[in-house]
Protein chains: 2
Amino acid sequence: MEEKLVKEVPKKSENLSQWYLEVIRRAELADYAPMKGMMVIRPSGYAIWENIQRLLDRRFKETGHVNAYFPLFIPESFLKKEAEHVEGFAPEVAWVTKGGSEELQEPLAVRPTSEAIICAMYSKWVRSWRDLPILINQWANVVRWEKVTRPFLRTTEFLWQEGHTVHATFEDAQEEVLRILNIYRDFIENDLAIKVYAGRKSDREKFAGALYTYTVEALMPDGKALQAGTSHNLGQNFSRAFEIRFEDKDQELKYAWQTSWGVSTRLIGATVMVHGDDDGLIIPPKVAPHQMVIVPIYKAKDKDEVLSKGENIFASLREKFRVVYDSREEYTPGWKFAEWEMRGVPLRIELGPRDIQKNQVVFVRRDTREKISVPMDSLVERAEEVLAQIQKDLFSRSEAFTLENTREAKNYQEMKEILEEKRGFVVAPWCGEEECELKVKEETKATIRLIPPEGENVEGEKCIVCGRPAKHVAYFARSY
Amino acid sequence: MEEKLVKEVPKKSENLSQWYLEVIRRAELADYAPMKGMMVIRPSGYAIWENIQRLLDRRFKETGHVNAYFPLFIPESFLKKEAEHVEGFAPEVAWVTKGGSEELQEPLAVRPTSEAIICAMYSKWVRSWRDLPILINQWANVVRWEKVTRPFLRTTEFLWQEGHTVHATFEDAQEEVLRILNIYRDFIENDLAIKVYAGRKSDREKFAGALYTYTVEALMPDGKALQAGTSHNLGQNFSRAFEIRFEDKDQELKYAWQTSWGVSTRLIGATVMVHGDDDGLIIPPKVAPHQMVIVPIYKAKDKDEVLSKGENIFASLREKFRVVYDSREEYTPGWKFAEWEMRGVPLRIELGPRDIQKNQVVFVRRDTREKISVPMDSLVERAEEVLAQIQKDLFSRSEAFTLENTREAKNYQEMKEILEEKRGFVVAPWCGEEECELKVKEETKATIRLIPPEGENVEGEKCIVCGRPAKHVAYFARSY
């Protein structure tokens, strides 16, 4: 649709940041809106989001969650009920102050996240232990007034899902938090083919109002970490602020335990960054809007035969796959190859007169460029195999890169060198004090991305910064 | 979840308005949010919306449409570009005037509809006839600052889909407008089981900025019409305001032709009103969150046998249907019957020890209360048949009611009497002048709901109001 500019896409290895912006524009995933920091998600980008929604929503429902929809606007007084929460979010809130011609008595926040309004409703709905657990998720837009933005990774408005659950005990809430963390890890690794580390945030980095925040973190090609999803144990912070109480089996009135968790359209940005190459996107088959494109190649005399054979192939594949048949006559095969490579379609199927003679087609993998001759009668099976192989190989590549760039540092000096020169994750013991965490941030720009389960309680190690006894082993990295 | 109040639900026939509010609350479709005019769509209501989305989205995609996402905020200056458009919507706009701590230089409208921002993007994307048609739909929330609200039917925020298409010619746009109108009619009649009339709005009633507006209108039990969906031929009004031009095949630069169309969560309100009865909701099987509920009935000695047989039945039905097995022990069968009737589950399956002896179950239809003994070995087939029959019967009932309440008036006096006493639609010739339209509105509160295709150009008839030659035959009714 958009005018194709001849402007070259910069090489990914040379200028990741420019490559990222240019690839998103050229592949028509998104476009800048005329308002600062806002973007339009174009059909090619939105189709990835629809696949993400479908695959995640299925996992949520299989684990007993249901969807609902809460209001976009939150009165200022509600946002203020949980002290840490409002402190964390107030600087980024967009405020509605006028409705029609009338000035509002109380400004309404455009939701930056929905704890405050959802908890207000939960305080009406929760009465007895019989009402628990409440396992509600919401697919919605949220707004955060950001100063520096980048398509998908950080925008003023974005789309996400936010789960908000209520439980009778701390243990139930904690189990939910980890169940969701595991769903996120499973989805991002198996469907988006991106290796992630999962673990707990430090107190400094946790969600405003949470007891504990758990996170999945992915490594981008420039060695910076990206927070891909978070799952919060809210403890009783919100239930106390919003009076969410239930009569337990022992007839005592108790404050409920809560969780919240979310992933957003940021996942599209991660997918673009991790898998793409100098020729454009590479979208993992499980979330690709088009899993394959059929390109017919012919001279005038073969046209009818090739085009009609192409139709047959299209018909045989479309029941099982998301496939597009590019039989447009105004473009050459070479142009189409480049176009669909830019758009990241994982598998190209070429069909020419010689292929028809041999009763075959040629598969071309987007990721490796490997060409595979495939007999006509095993088209569906082979397509399935090759897509599965691409999915697997993309993950392996991401995993290998992440592991290669996860390093243990012997001492603080080495840690600083790695974070400056090689980037990636540095794994190191930490005393648990904010002082050391802040020192690392000031001197290296890296933050604690997570404390992995095996790093929760360590003995005999010394903090890499101060040398005092370490409490945790943490993953440090610069981040988006 | 919610505390069950003993408060009686009023009879539908005696107080439709109170019945509607009470049924929505009791069936937990929605709840009032603590902000004026806003509601929460609870899981039981949202599940209906998910089914509506799925069934409509499939139809849109089958006709070549794709989804995208445009920003929530629209700068005031964009809204003002199309003069009629801003005049129509400005009084209902919620304005964002502050981002973080910063006062905005230009207020941002929270979208009441998205023509203004989408057209701004289209003016960037459209260059050549090759770029056309653009067939984009968006699922989104919108905000209109309403004074009088009612759950689902009119709320400050609601969920909807809005299609926005661009075409090379008037004819292409007109074809799209009617294609969508037909999709709406087909969906509402076949899936929501609500009879609708389809036709064109009068100029007075059309969308702010449109050339023509087409509508589907349903009749509610109190004889008032409800606008259930609209499809607008925007002509070149927006393409001229936003400079959406393309180079045509003849190399001339031309303004594009556009359409927009939408249905909203209001459809849930219509479904509640049309089908429900004194005992609660009746949800048509095609959009019911749960199509059937299995209720085991037993005394202590039969408990294990009945519960385990119930599990088997549940397992055999769940692959094909949205089914719930209510084996909760803290509630009696009678309580469960009432509860699921309130929630509108179209089919109840009762299973007791005598049924097991006879190797059968008992189906109970929600709509007719008819009881049907069904042999165990034909459970799936019979369930399918009975659900299809319920779906069909619900539509027939709605259709019969609508036809019965669609009357031709011999003269203006009779028209006034019908609209006052019997309500419903009055079909009458109309001269096409706003003067007569307004007179009817002032004297009867009825508006022209639509001009049906067969009523577009009539000859030899006289306007029911002024007696001058009629141009159209129109459907008049009071409305929501």
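In this predicted model, 50 residues of chain A are in contact with 50 residues of chain B. Strand 5 of chain A, residues 94–99, supplies six residues to the side that touches chain B, the largest share. That side of chain A divides into 34 nonpolar, six polar and 10 charged residues.

## Where the chains join

Strand 5 of chain A meets strand 5 of chain B, which also spans residues 94–99. The two strands run antiparallel, and five bridges join them. A:V96 stands opposite B:V96.

What stands at the edges?

On the chain B side, strand 4 pairs with strand 6, residues 102–110, in the antiparallel sense. Three bridges make up that pairing. B:I74 faces B:A109 of strand 6 of chain B.

## A second sheet, in chain B

Chain B also has an open sheet of seven strands, in the order 3-7-8-14-11-10-9. Here the pairing is mixed. Strand 3 (66–67) and strand 9 (196–200) of chain B are the edge strands, and each pairs on one side only.

Strand 9 of chain B pairs with strand 10, residues 212–219, in the antiparallel sense over five bridges. B:R200 stands opposite B:Y214 of strand 10 of chain B.

A helix lies across part of this chain. Helix 6 of chain B, residues 170–190, lies across strands 8, 9, 10, 11 and 14 of chain B. Helix 6 runs at about 165° to strand 11 of chain B.

| Strand pair | Bridges | Residues opposite each other |
|---|---|---|
| Strand 5 of chain A, strand 5 of chain B | five bridges | A:V96 and B:V96 |
| Strand 4 of chain B, strand 6 of chain B | three bridges | B:I74 and B:A109 |
| Strand 9 of chain B, strand 10 of chain B | five bridges | B:R200 and B:Y214 |

Helix 9 (residues 303–318) and helix 12 (residues 379–404) of chain B pack with their axes 10 Å apart. How are they set to each other? The angle is about 60°. Helix 9 and helix 12 of chain B are therefore oblique to each other. Their crossing is right-handed. B:I313, B:S316 and B:L317 of helix 9 make the contact with B:L379, B:V380 and B:A383 of helix 12. These residues divide into five nonpolar, one polar and no charged.

## Backbone details

Which peptide bond of chain A is cis? The bond from A:L132 to A:P133 is cis, with omega near -5°. A:P133 is placed in the loop between helix 5 (115–125) and strand 7 (134–143) of chain A. In chain B, the bond from B:L132 to B:P133 is cis, with omega near -5°. B:P133 lies in the loop between helix 5 and strand 7 of chain B.

A:F152 is not a glycine, yet it has a positive phi of about 70°. A:F152 is found in the loop between strand 7 and strand 8 (157–167) of chain A.

## Domains of chain A

The domain assignment of chain A gives domain 1 (16–275), domain 2 (292–389) and domain 3 (406–477). The C-alpha centres of domain 1 and domain 2 of chain A lie 40 Å apart.

Key
Residues numbered from 1 in each chain as written. Chains lettered and ligands numbered in written order. Predicted model: local features only at pLDDT ≥ 70, side-chain atom pairs only at ≥ 80, totals over all residues. Domains from an automatic or database assignment. Contact = placed C-beta atoms within 7 Å. Helix = DSSP H or I, 4+ residues; strand = E, 2+ residues; numbered from the N terminus. Nonpolar A, V, L, I, M, F, W, Y, C, P; charged D, E, K, R; others polar. Pairing = 2+ DSSP bridges. Axes fitted to C-alpha atoms, helices over the stretch in contact; angles between N-to-C directions. Parallel < 35°, antiparallel > 145°, perpendicular 65-115°, else oblique. Left-handed = near helix turned anticlockwise from the far one by under 90°.
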